[in-house]
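Please look over the sequence and the structure shown below before reading on. The report that comes after is meant for a reader who is meeting this structure here.

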Amino acid sequence: MIILFVALPLVVAAVLPLVGKVSRRVLPDLLANATLVFLLVYAAVTGRALIAGGPLLQQVTWLGEAVGIRLALDGFSLFMLVAVSLVGLAASLFAIDYMEHYGGKANYHALYLIMIAGMNGLILVNDLFGVYLFLEVAAIASYALVAFGLGHDELEAAFKYLALSVVGSSFVLAGIAVIFGMTGSLEFGAVAAALRELDAGAVVAIASALFLMGFGLKAALVPFHAWLPDAHPSAPAPISAVLSGLLIKVSGVYAMTRIFLNVFGLTPALSAVLMVLGAVSIVVAAFLALGQKDMKRMLAYSSISQVGYVVLGIGLGTPLGIAGGLFHLFNHALAKGLLFLTSGSVQHATGTRDLDEMGGLAKRMPITAAANLVGALSIAGVPPLNGFWSKLIIIIALVQAGEPVFAVIAVLASVLTLWYYLLMQRKAFFGPLNEKWAAVKEAPFWMTASTVLLALLCLGIGILFASTVATWVQPAADVLADGVQAVTGSWGF
Amino acid sequence: MTPKMLLLPILLPAALAAILLLLPRTLRLLRDVLAVAGAAVLVYYGFVFFSVKDLRYAVPWLGMGIDFDLRLYHFSSFILLALAGFLILITLYATVKMKDAPRGREFMAYVFLTAAFANGAVLANNFVPLVFFWEGLLVTLYGLITIGGRPTSGRTAVKALLISGFCDFAMILGIGLLWTVSGTATMSEISVEPTGLAAAAFVLMMIGAAGKAGAMPFHTWIPDAATDAPVTFMAFLPAAFEKLLGIYLLARVSLDFFKIQPGSAMSILLMIVGAVTIVLAVLMALVQTDLKRLLSYHAVSQVGYMVLGIGTAIPIGIAGGIFHMINHAMYKSGLFLSAGSVEHRAGTTELKKLGGLRRDMPLTAFGFIVCALAISGVWPLNGFVSKEMVFHGALETGYTVFAIAAWIGAIFTFASFLKAGHSVFFGERTREVPEVRESPPAIVLPILVLAGLCILFGVYNKLPLTLFIQPILAGHAEAGAPLDFTSHALDVFNMVALISIGCLVLAFLLHRHGFLKGGRKAHLASEPIHRLPGVHQLYDLAERRVFDPYEQGVKVLHGLSTVLFKAVDRPIDFVYEKIVTVTGSKFTGILKKAHNGHYANYLAWCLAGLIILAGALSLLAK
């Protein structure tokens, strides 16, 4: 019943506006979070049993008739589902208190669940058009969510986001068209098999470029990144957390990785391009983050930089590199989600995102400050937190594969990362308390609880990194390392 | 009695510590009851274990010879019993003395945590668990000193932590070497000749053990702690627990792990450490003007006797050293507790401000006097017996100089206690201290128990010697060596004892001379010696901590760090500060300028990127 991952949030999203007429706060909160808890439990507890005997496939039927949608669950998609449900749940818990002053909670939760459904669908489909379909489902919900505050900034940011994102989607569609024209098929397995017989290097290269640009735009790789620092900070904090923590990874990195590694097969050319894109993103965005005064903008640039690490690791193409990249994807989803949530707590308490106006908030918001520190140190790669291990794996993989230059870039950029995160921590939380914030209080319960949850996860996964990698990351990396065989061999109906 | 029971002395106090820490302040009564009851259980099991004597609990742990291995035998069961005994007395005392202390709850918890670690260290039969428990003691040491709550407490705590940490580090190095030499980490299987690498291992482990006991030059935090830490802490750790642990390990090191021969270099090294500690520390003790500081220097000085005794490597000397350890723990703990009792009522321990308290606080005075006579080695108290044994041992080695050092120590010990006791409990009442009453029973009882034990162990010295001390030496004594302790020690009419008694008389005359010269003021009785030309300057230097390796080390480090800061750090900093950051911010500035918010630009980048990608991919694909 893996269709539940898509259908359940969609159904609940449809019901929510009606429920909102009856109960404005309690029931929508309860329903939305219960849905996400269910998805998390379903994915985390039963997921591994489902795919124990190989990938699980499901033909979607409508009134007994098979329709053209097929879903597939393997190690990689399960890994992504767990990440989505986990961070999605944390952000949704955070929203219980945070969205209080925005109003329209039922609508918010409905849009949010549509976005989750879109991401889950994108993770589970096994044809190219399905990818496009769910990409758009998630994206359109996210446009509305960025604009949810309806202020001037939010509307402008949503519009800009929409303008560039649509460009990305259309290039993805163009790439799909090229592939369909060549192979006459859309299903991953069939496309992969057809491409192997066709030997059409140049056309595949054009299609790859189109996909790279389209998904690169979604993933905000440099030079396709410029929309993200406008869009992410303007959204409500839980939405920023999900956009930076999940959406760019699902609609950018996941889709790109699935198509390049499992459908096209990773050629040395693609590998080189991906690694260069990753490295450029890491360095450029790290410098940009350093220059920011706006807390959420700094986090947004940091997301670009960290996605660069993920792409660098996956682009390397060795089993260890892929495992490192995927582990970093997961860790970054947790830590960046956490940081956007704590920045939301700060904004909620002080009304500002300007780091220069903050100062000494640790005295007033000790739990938020501690959680923020955990997240910052995790992304900066300080042991024993989770981010340290994934960066370490990526760097080891780079060295093993004989790419010392990229390894050095990765190490130096992590120093930059530590630099701007310490800057942020010091300006916002440490030092003498700005008198303006003397009356500030610690964030409300659910906001604090969700940040603490994520911080504990960062710490726990850091300590238990070996078993996390073995249980969740390795099966996903195995699927990717199998390359084209993964979809042509066992995915057929 | 299953081997698993050996976990009890470790787990019970650890669990109690957690509970005590969590109990709210309002449940103070419950806290005290729990603490005393827990300590009582430990005492009971101390006796049970002492009667069992032979038990081993070993489970595989980390592999490679690292097992969680606990072993109970006569020596460890004796120390275990002693630790439990002191624990209950200190706990009882603390229920009153630490009642209103701001961090009393933490104090109790740390005390029990210390007991857990100490019991573990005594029972450990593998070096890795030993180091684990031994290092755990550092944490509680730091915590307990900071509870003193004075402005300098934190500084003293750091000092204690660093000095003890250094000793522990030396011990770990020594253990590593010994492990390499012997090839096993199981303590009961190790017995090597102290030559070559093993000699280095011996010296390092000796530093670890003697440093824990507070021998010179690792003693300097103790006098500081005497004023900065709670007096209960002084009676607990430096007076009792650390002596027991340090000397226990020293005895294990020099008797079991290494076979030290009389007259060997190692033996002489130990004796030198012991003799130097005795003389220098007692001279410092003599001129102290605060009762607690005076006692703390004696806590250092007396370690010298133990180290000297064990260092002789002669059965009677070793037995004397170990006997002195338990004796010292009793009377020094008793002395600190009496000082605490005086502080409790009079509010000060400065000798100048005190006087004539024997009428107001007769029980405290009685306890103090018995313990003070015991530490001074007055017949027939326990200190006399163990010191006589050490004198005999030192003489038997043939190096008379060590015996002379020990006798010099005896003179000044008695002199300084005459001064202290005279100032506090005799003479006229001073105006600084108002009318006082005797302390409550929970304070007086531990003092009297300890004083009673001092008398018992002195008069019936056969009891502890045959019950506790003799079995430890079983298998170590040379064949045919005289182990007849009683004939040696209690016979007042032999040369050694007569010289000792002569020393005491000399000390009394010195005190009388100083007392009369100082205008019949007892606290000035040590002034004639203090004022001796040459000696005075040395004392001044010592008071300014010139001889404190820690303080000097800190100064050297400060100098070194200043030089490094000016010559190395600043230039490097310039590179970072000016070159790296300026380049970084320039680069950031350029990038920020490029991100001007014009979406047409952004779109153009995307398209340019697409063209480059398409070109690159097509080129690379060929």
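This is a predicted model: local features need pLDDT of at least 70, side-chain atom pairs count only at pLDDT 80 or more; totals for chains, interfaces and linings use all residues.

Chain A has 493 residues, of which 62% count as buried, and its secondary structure consists of 19 helices and 2 strands. Among the contacts in chain A with a separation of 6 or more, 80% are accounted for by residues 24 or more positions apart.

Chain B has 622 residues, and 51% of them are buried. The secondary structure of chain B comes to 23 helices and 2 strands. Of the contacts in chain B with a separation of 6 or more, 80% are between residues 24 or more positions apart.

## Where the chains touch

The contact between the chains draws 27 residues from chain A and 21 residues from chain B. On the side of chain B that touches chain A, at least two residues come from each of helix 22 (549-594) and helix 23 (599-621) of chain B. Helix 23 of chain B gives the most to this side, with 14 residues. Sorted by class, the side of chain B that touches chain A has 14 nonpolar residues, 6 polar residues and 1 charged residue.

## Helices 4 and 5 of chain B

Helix 4 (residues 104-123) and helix 5 (residues 127-146) of chain B have axes that come within 8 Å and cross at roughly 160°. Since an angle over 145 degrees counts as roughly antiparallel, helix 4 of chain B is therefore roughly antiparallel to helix 5 of chain B. The crossing in which helix 4 of chain B passes helix 5 of chain B is left-handed.

On the helix 4 side of chain B, the residues that make the contact include Phe107(B), Tyr110(B), Leu113(B) and Phe117(B), while those of helix 5 of chain B include Leu130(B), Phe133(B), Trp134(B) and Leu137(B). Glycines also take part, among them Gly120(B) of helix 4 and Gly136(B) of helix 5 of chain B. By class, this contact of helix 4 with helix 5 of chain B has 12 nonpolar, 5 polar and 1 charged residues.

## Helices 11 and 12 of chain B

A further pair is formed by helix 11 (residues 291-311) and helix 12 (residues 315-346) of chain B, which pack at an angle of about 175° with their axes 8 Å apart. These two helices of chain B, helix 11 and helix 12, are therefore roughly antiparallel to each other.

The residues of helix 11 of chain B that make the contact include Leu295(B), His298(B), Tyr305(B) and Met306(B), and those of helix 12 of chain B include Gly320(B), Gly321(B), His324(B), His328(B) and Phe336(B). In the contact of helix 11 with helix 12 of chain B, the residues divide into 12 nonpolar, 8 polar and 2 charged.

Helix 6 (residues 153-182) of chain B has 30 residues and spans 42 Å from its first C-alpha to its last, which is close to the 44 Å expected at 1.5 Å a residue. Directly after helix 6 of chain B comes Gly183(B), with a positive phi near 80°.

Helix 8 (residues 201-219) of chain A has 19 residues and reaches 25 Å from first C-alpha to last, close to the 27 Å expected at 1.5 Å a residue. Because 15 of its 19 residues are buried, helix 8 of chain A is largely enclosed by the rest of the structure. Helix 8 of chain A is followed by Ala220(A).

## Backbone details in loops of chain A

Most residues other than glycine have a negative phi, and most peptide bonds are trans. Ala220(A), which is not a glycine, has a positive phi near 60°, and its place is in the loop between helix 8 and helix 9 of chain A. With 29 C-beta neighbours inside 10 Å, Ala220(A) counts as buried. Pro223(A) lies in the loop between helix 8 and helix 9 (228-234) of chain A, and the peptide bond from Val222(A) to Pro223(A) is cis, with omega near 10°.

Leu150(A), again not a glycine, has a positive phi of about 65°. Leu150(A) is found in the loop between helix 5 (128-146) and helix 6 (152-183) of chain A. With 11 other C-beta atoms within 10 Å, Leu150(A) is exposed, whereas Ala220(A) is buried.

Methods
Residues are numbered from 1 along each chain as its sequence is written. Chains are lettered from A and ligands numbered from 1 in the order in which they are written. Axes are lines fitted to C-alpha atoms, for helices over the stretch in contact, and angles run from 0 to 180 degrees between N-to-C directions. Helices (H or I, at least four residues) and strands (E, at least two) are DSSP runs, numbered from the N terminus. Angles under 35 degrees count as roughly parallel, over 145 as roughly antiparallel, 65 to 115 as roughly perpendicular and the rest as oblique. A crossing is left-handed if the near helix is turned anticlockwise from the far one by less than a right angle, and right-handed if clockwise. Two residues are in contact if their C-beta atoms, placed from the backbone, lie within 7 Å. Ala, Val, Leu, Ile, Met, Phe, Trp, Tyr, Cys and Pro count as nonpolar, Asp, Glu, Lys and Arg as charged, and the others, Gly among them, as polar. A residue is buried if 20 or more other C-beta atoms lie within 10 Å of its own, exposed if 12 or fewer, and partly exposed in between; C-beta atoms are placed from the backbone. The expected span of a helix is 1.5 Å times one less than its number of residues.
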